[in-house]
Amino acid sequence: MTIYGYRLPAMSSLILWGLLWEIVGRMGLTFFVPPLSEVFVTLFSVVGTAPFLKALSETAYAFSAGVMFAIVIGIPLGIMMGKNRLVDELFLPWVNMFLSAPLTALVPVLMVLFGFGMKSIIITTTLFAIWIIILNTRAGVLQINRSLVEMARCYGANPLQAFYKIYFWAALPEILGGVRIGVIRAVKGVIIGQLLISIVGFGALFELYANNFLMSHFWAVLLVLFALAFSVSEILAYLERRVSYYAAKR
Amino acid sequence: MKSRSFWLKILSATVLFGAWQVAGMIPVSYAFPTFFESMAALVRLAADGTLFQAYVETLRPLVVGVGISAVFGIGLGLWIGLSSRFDWLFSPIFIVMQAAPLAALIPLLVMAYGIGLTSKVFVVCIMAMPVIVLNTAGAVRNTPSSIKEMGRSFLASDTEIILKIIIPAASPVIFSGLRLGISAGFIGAILAELKITPTGVGDIITYSRSIADYPAMYAAIFSIILLAVLFLNLLERLEVYLFEGNVRGYASD
Amino acid sequence: MVMPQIKEVLGSEETPKPDNAVVARGISKTYGDVEALKDLTLEFPRGQLTSLLGPSGCGKTTLLKIIAGLLEPNAGEVEVNGKPVTGPGPDRAFVFQDFALLPWASVIRNVAFALELRGVAKSEREAIAEKYIADVGLSGFEKSYPHQLSGGMRQRVGLARALSVDADVLLMDEPFSAVDEQTRRKFQEDLLNLVQNENKTFIFVTHSIEEAVYVSDQIAILLPRPSRVSEIIRPTGLRNKNVDNIRRDSEYLDIVDSIWASLRSYVE
């Protein structure tokens, strides 16, 4: 939007919403919404505390382990599905199924199988992230322009060269797109896992604050979490644009 | 080649369920029943009617929540897509909501609205709404400018351009946004039942876990995933059928 | 104001009476810092086909959209039948480069769409649409959808839609650039017949020199930086010749060559 010919930055309306929050909080309409300023004050006092740092490091650990498994398993499987028709036909129905399945329903199974701890949360995170990574990698491999493949053969590239000099780069924009969406899903997965298993990480912290009616603590942690999640997705989108500048022109 | 892909699907299913059966027979864990035990439990649950009662319970917040999200989400999305002012005002909220783990709000919702239907409907809404809004707004914004210009050059009024050009052009993407919203709504509905109060399918899962009736637990989970996947698949087919050719065919191809 | 230099190529008869369907006077248009058109003046004689020809970026499409009323000039005005243009009007119909068909609508609804917007009753507008569908040679495809048609057929739908409103002026924005060469030739021949049989004024944007010379009564050559009409060519001699022989006519070849000579330095 422009005001008097000056273009307002894209996310600047959040300031307006923040003000609205502050006003609603000041008016004391509801106990659940403390003024934003109070939340920020709490935020700075909470961020340095041991429980918060513990929750953050536990979450970061579960999150990065989950994402790593999703990438390490997802990308090769996706490439195989793109290259081999039989593998593709065997796996595709399941990948498609789990992509849209309500994976929250699987968390209780993970809990009984792997215990109420980190292992279950990591697997939940992986389950949320992996399917879209597989599917995008497969799509990336499948869309490689036939004339690029033929070009590689014409100029005598051996299979290995063709793979890492051409196919990998040709499919990279889709793969990165898949990883980005996968990571956003993983953020949700790691939180859902912690909420259901609620004795580790932020899940425990939320439980604690909610049970003791510490509203500004609750919101402070929530804001940190949202800000982190949003930054992660923006950083990945930025990287994706930097790396796959050629995506539209293949 | 139709039959080849059909047989491969059967083969694929046999392999997976076979692996499940074998893993259950070893067993890999005391809490891992075999495939046939689970299916037997599913038949039992279905036969005595528990399953159907549970689904009535589970689907209620889902249907209400998705309905609310669809009406408000599409309305808001159209508005955001059409007006740059509302785009500036509302888009950031939904962009943040889309990226953020909104499930974290659940403890707060429970405090504010109790453990009843309202909270569960809210959970479904916060999960389903962002994707519906963003898809609708994006689709409206991306209506090819040449067909809008066509409308203008043949003297369409602004209302006609919205009703006869923008909305039909955007409807495939709006529909797929709705489908993704429903998919997210399923996640929300089950999350609500597992986290807030065990009702419906969530109750079967939680209860059978507590009495270590693992086949029943697996059966319930199997059934809800199956239901969600079948329903979303149906929607996807409907989408292909309804909008055949709408996505293609703007310019030369 | 730069007066366009008018060059008659073998124009033995005197210039036709200045009965102009469309007149553009002193048109300027800027996009930010970019000057798309600068003080451009051009007349479009009634019942004739005028091509706007030039390298990309010379503002041909911008001028066409200003005449259509889709864009507003920063300065100057356009008159159609003596009335100033303030927006799109029923006296003009547009044919789009990318066809601009509604992908969810059948051929007949697409063709009748302009009439639908004018509030013509369904049975009536479908009868009119059917006539024009037959005229452009698409009988039998009424119930088809755009994605089931080839590029050339889609543009015939676009053409039928433009004809259906019976406007005085047809504005065509590189209408054949997205169809293959053979279809394109057929289109050009059909267009010549259309100009002859319908008493309409055609304004035709193209980047093909051969196409412009083949179909036009008048060619306005636009040059960029700053955009202006550099010359107007009237291949009047060609219009009386047999359509089949034009392409090997020496006059045709001469005009094509001379246009290329004046454009070549602007092509990067």
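1. A nonpolar core is a set of buried Ala, Val, Leu, Ile, Met, Phe, Trp, Tyr and Cys residues joined through C-beta atoms within 7 Å. The structure discussed here is a predicted model, and its largest core of this kind holds 213 residues. Within this core, B:Ala128, B:Ala220, C:Ile67, C:Leu171 and C:Ile203 touch the most other members. Helix α8(B) makes the greatest contribution, with 17 residues. In chain C, domain 1 (21–55 + 63–91 + 170–227) and domain 2 (99–166) each supply at least three residues to this core.

2. One of these core residues, B:Ala128, may be examined in its surroundings. With neighbours within four places in sequence left aside, the contacts of B:Ala128 are B:Gly65, B:Val66, B:Ser69, B:Gly181, B:Ile182, B:Ala184, B:Gly185 and B:Gly188.

3. The overall make-up of chain B is as follows. Chain B contains ten helices and zero strands, giving the sequence pattern α-α-α-α-α-α-α-α-α-α. The C-alpha trace of chain B spans about 70 × 55 × 30 Å along its principal axes. Of the 253 residues in chain B, 45% are buried. When contacts in chain B between residues at least 6 apart in sequence are considered, 74% of them join residues at least 24 apart.

4. Which chains share the most contacts? Two pairs of chains are in contact, and of these the pair formed by chains A and B shares the most. At this interface, 42 residues of chain B are in contact with 41 residues of chain A. On the side of chain B that touches chain A, at least two residues come from each of α1 (2–25), α4 (84–99), α5 (106–113), α8 (158–195), α9 (200–210) and α10 (214–242) of chain B. Sorted by class, this side of chain B comprises 33 nonpolar, five polar and four charged residues. Chains A and C, by contrast, do not touch, and their nearest C-alpha atoms lie 12 Å apart.

5. The interface between chains B and C takes 18 residues from chain B and 21 residues from chain C. On the side of chain B that touches chain C, the elements giving two or more residues are α7 (145–153) and α8 of chain B. Of these, α7(B) gives the most, with six residues. The classes represented on this side of chain B are eight nonpolar, six polar and four charged residues.

6. Chain C is divided into domain 1 (21–55 + 63–91 + 170–227) and domain 2 (99–166). The centres of the two domains, taken over C-alpha atoms, are separated by 23 Å. Seven residues from domain 1 of chain C and five residues from domain 2 of chain C form the contact between them. By class, the domain 1 side of this contact has six nonpolar, one polar and no charged residues.

7. Helix α1 (residues 60–68) of chain C is largely enclosed by the rest of the structure, because seven of its nine residues are buried. The buried residues of α1(C) are C:Lys60, C:Thr62, C:Leu63, C:Leu64, C:Ile66, C:Ile67 and C:Ala68. One of them, C:Ile67, is also among the core residues named in the opening point. After α1(C) comes C:Gly69, which has a positive phi near 90°.

8. In chain A, helix α9 (residues 201–211) packs against helix α10 (residues 215–243) at an angle of about 155°, with the two axes 9 Å apart. Angles over 145 degrees count as roughly antiparallel, and α9(A) and α10(A) are therefore roughly antiparallel to each other. From α9(A), the residues A:Phe202, A:Leu205, A:Phe206, A:Tyr209 and A:Ala210 meet A:His217, A:Phe218, A:Val221 and A:Leu225 of α10(A). This contact has eight nonpolar, one polar and no charged residues.

9. Some backbone details also deserve attention. B:Ile26 and B:Pro27 are joined by a cis peptide bond with omega of about -15°, and B:Pro27 is found in the loop between α1 and α2 (35–47) of chain B. B:Leu155, although not a glycine, has a positive phi of about 70°. B:Leu155 lies in the loop between α7 and α8 of chain B and counts as partly exposed, with 17 C-beta neighbours inside 10 Å. C:Asp166 likewise has a positive phi, near 50°, in a residue other than glycine. Its position is the loop between α4 (151–164) and β8 (169–173) of chain C. Having 14 C-beta neighbours inside 10 Å, C:Asp166 counts as partly exposed.

Note on methods
Residues numbered from 1 in each chain as written. Chains lettered and ligands numbered in written order. Predicted model: local features only at pLDDT ≥ 70, side-chain atom pairs only at ≥ 80, totals over all residues. Buried ≥ 20, exposed ≤ 12 C-beta atoms within 10 Å, placed from the backbone. Helix = DSSP H or I, 4+ residues; strand = E, 2+ residues; numbered from the N terminus. Nonpolar A, V, L, I, M, F, W, Y, C, P; charged D, E, K, R; others polar. Domains from an automatic or database assignment. Axes fitted to C-alpha atoms, helices over the stretch in contact; angles between N-to-C directions. Parallel < 35°, antiparallel > 145°, perpendicular 65-115°, else oblique.
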